[in-house]
Amino acid sequence: MQWNDSVLIDQIIAGVKTATVRPLEWSEGLDSYNTSIHCGAVYTVYDAERTPRCRIRITGVELCTWGAIPDSLWQRDPAADGRVSLEAFRADHDDYFGRPSDDHEFLAIYFQPVS
């Protein structure tokens, strides 16, 4: 898995970030660094330069809609500035999902740090 923002990777390493999101169309994978996600599998997290930074184990994958974001997701996926709230989650992901409507579907990915 590749993250372009090293702040998010630092949150994973610190154990603060234990969830993320992906567009539904990426469910089969995007490229060799962003492959399909399988519950129970361990993935290496790469930074923008494709340097391995840490490893995570996927503990759950959930289909969500923008209009019904689960508490478990926003509580485990802090904004890049560290705020943890539904409003911060929405603000942090609004552009990422292209200003989605309430029925926009996406994947919530839950994980735990391995190393």
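Analyst: Accessible areas come from the Shrake-Rupley method with a 1.4 Å probe. In this predicted model, the chain exposes about 6,000 Å², and carbon and sulfur atoms supply 48% of that area.

User: What makes the radius of gyration of the chain agree or disagree with that of a compact globule?

Analyst: For 115 residues, a compact globule would have a radius of gyration near 13 Å, and the chain has 13 Å, so the two agree. The C-alpha trace spans about 35 × 30 × 25 Å along its principal axes.

User: Why is the pair of Asp77 and Lys17 called a salt bridge?

Analyst: A salt bridge requires a side-chain nitrogen of Lys or Arg within 4 Å of a carboxyl oxygen of Asp or Glu. The closest N and O atoms of Asp77 and Lys17 are 2.4 Å apart, so the pair meets the rule. Asp77 lies in the loop between α2 (71-76) and α3 (86-93), and Lys17 in the loop between α1 (6-13) and β1 (19-23); the pair therefore ties together parts 60 residues apart in sequence.

User: How do you know whether Asp77 is buried or exposed?

Analyst: Buried means under 20% relative accessible area. Asp77 has 2%, so Asp77 is buried. Lys17 also has 2% and is therefore buried.

Terms used:
Residues are numbered from 1 along each chain as its sequence is written. This is a predicted model: local features need pLDDT of at least 70, side-chain atom pairs count only at pLDDT 80 or more; totals for chains, interfaces and linings use all residues. Side-chain values use heavy atoms; hydrogens and water are left out. The radius of gyration is taken over C-alpha atoms; the globule rule is 2.2 Å times the number of residues to the power 0.38. Helices (H or I, at least four residues) and strands (E, at least two) are DSSP runs, numbered from the N terminus. Buried means under 20% relative accessible area, exposed over 50%, partly exposed in between (1.4 Å probe, protein chains only).
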